[in-house]
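Have the coordinates open while you read.

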Amino acid sequence: MKNKRGVVMGVANDASIAWAITEALHKEGAEIAFTYPNDAIHKRITALAETLQPESLILKCDVSQQDDIPNAFRQIKEQWGSIDFVLHAIAFSDRHQLTGRYINTTRENFLNSMNVSCFSLTEICKEASAIMPNGGAILALTYLGANRVIPHYNVMGVAKAALESSVRYLAADLGPQNIRVNAISSGTIRTAASSGIGDFHYIMNWNKNNSPLRRNVSVEEVGKSGLYMLSDLSSAVTGDVHYVDCGYNIIGMKAVDAPDIVIEK
Ligand code: NAD
């Protein structure tokens, strides 16, 4: 990643998946700009970024706000001229609706979850691709709840399904510019975002007991895969959803009827 520059969107703290990918990218020589949605996260990112590189470019970007994405990329263009990669590690839904039944999702939360967790990738690809004259790589984070019913994941599963589909359409749009668009479907990791999902401990235990590797993925492992996806190591990979989940996608999750499955609650 030497002589490569990119934007990481979605560091909330040092437990964030985006931070693990940042560390892996930085270790290989990448220069990284960060975005933040609010003042509290700005403070945390500033402190974290200082541990990596002096005077990082850190820009406001609440992806739910009309002009924030174009403004952030305009500033990046002014500072750097061009970029080589973008990490989208952003998701949001009302935590009160990440428990119980999907059927109770409100219109307001449905639209907001889709806007922040899915549409933002499309707008980011549009703005980022305009400053990737030499091609590049864009990576989003998704979860198995896009494909299977995971208890409590609810509207986030619907948003992730749309995100994964967006990855394929965006890959087709940007392929002629040699810009690759992929997603990593990560196994469960304790972060600020995942702590808002109902019965998350139960889901983690289920994964630990039932994945082929019989354990949960570590955030460092997702970091290494993020490096692969954002580097030339994956130069012919695009439109892909890459599972980094200890293999429970292979088994499939039986959310309701699972008499043959070991469950530790
Ligand atoms: P996290 O809380 O560390 O990161 C979520 C980020 O989304 C935060 O930095 C937050 O500031 C940002 N965000 C929310 N609303 C925003 C907005 N309006 N504008 C800009 N940023 C906004 O949690 P994480 O688990 O590291 O999540 C990163 C990504 O990984 C998400 O897309 C999440 O769905 C995905 N993911 C997480 C897991 C897991 O088990 N933790 C598994 C699979 C996928």
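Predicted model: local features only at pLDDT ≥ 70, side-chain atom pairs only at ≥ 80, totals over all residues.

Residues are numbered from 1 along each chain as its sequence is written, and side-chain values use heavy atoms, with hydrogens and water left out.

**Helix 4 with helix 5**

The axes of helix 4 and helix 5 (residues 154-174) come within 9 Å and cross at roughly 20 degrees. Axes here are lines fitted to C-alpha atoms, for helices over the stretch in contact, and angles run from 0 to 180 degrees between N-to-C directions. Helices are DSSP runs (H or I, at least four residues), numbered from the N terminus. The crossing is right-handed, as the near helix is turned clockwise from the far one by less than a right angle. Contact means heavy atoms within 4.5 Å; among the residues that meet are Phe110, Met114 and Leu121 in helix 4 and Val155, Leu163 and Leu170 in helix 5. By class, this contact has 14 nonpolar, six polar and no charged residues. Ala, Val, Leu, Ile, Met, Phe, Trp, Tyr, Cys and Pro count as nonpolar, Asp, Glu, Lys and Arg as charged, and the others, Gly among them, as polar.

**Helix 3 with helix 4**

Helix 4 (residues 107-129) also has helix 3 (residues 68-80) alongside: their axes come within 10 Å and cross at roughly 30 degrees. That makes helix 3 roughly parallel to helix 4. Ile69, Pro70 and Phe73 of helix 3 touch Ser120, Glu123, Ile124, Glu127 and Ala128 of helix 4. Their classes are five nonpolar, one polar and two charged.

**Helix 1 with helix 7**

Helix 1 (residues 17-27) and helix 7 (residues 219-230) pack at about 60 degrees, with axes 8 Å apart, so helix 1 is oblique to helix 7. Helix 1 passes helix 7 in a right-handed crossing.

**Around the ligand**

Which residues are closest to the ligand? Of the 29 that surround it (a heavy atom within 4 Å), the closest are Ser16, Asp62, Lys160, Ile189 and Thr191. Here are some polar contacts, meaning pairs of N or O atoms within 3.5 Å:

| Residue atom | Ligand atom | Distance |
|---|---|---|
| Ser16, polar side-chain atom | oxygen | 2.6 Å |
| Lys160, polar side-chain atom | oxygen | 2.8 Å |
| Ile90, backbone N or O atom | oxygen | 3.5 Å |

Conventions. Helix = DSSP H or I, 4+ residues; strand = E, 2+ residues; numbered from the N terminus. Parallel < 35°, antiparallel > 145°, perpendicular 65-115°, else oblique. Polar contact = N/O pair within 3.5 Å; in protein donor to acceptor, adjacent residues only side chain to side chain.
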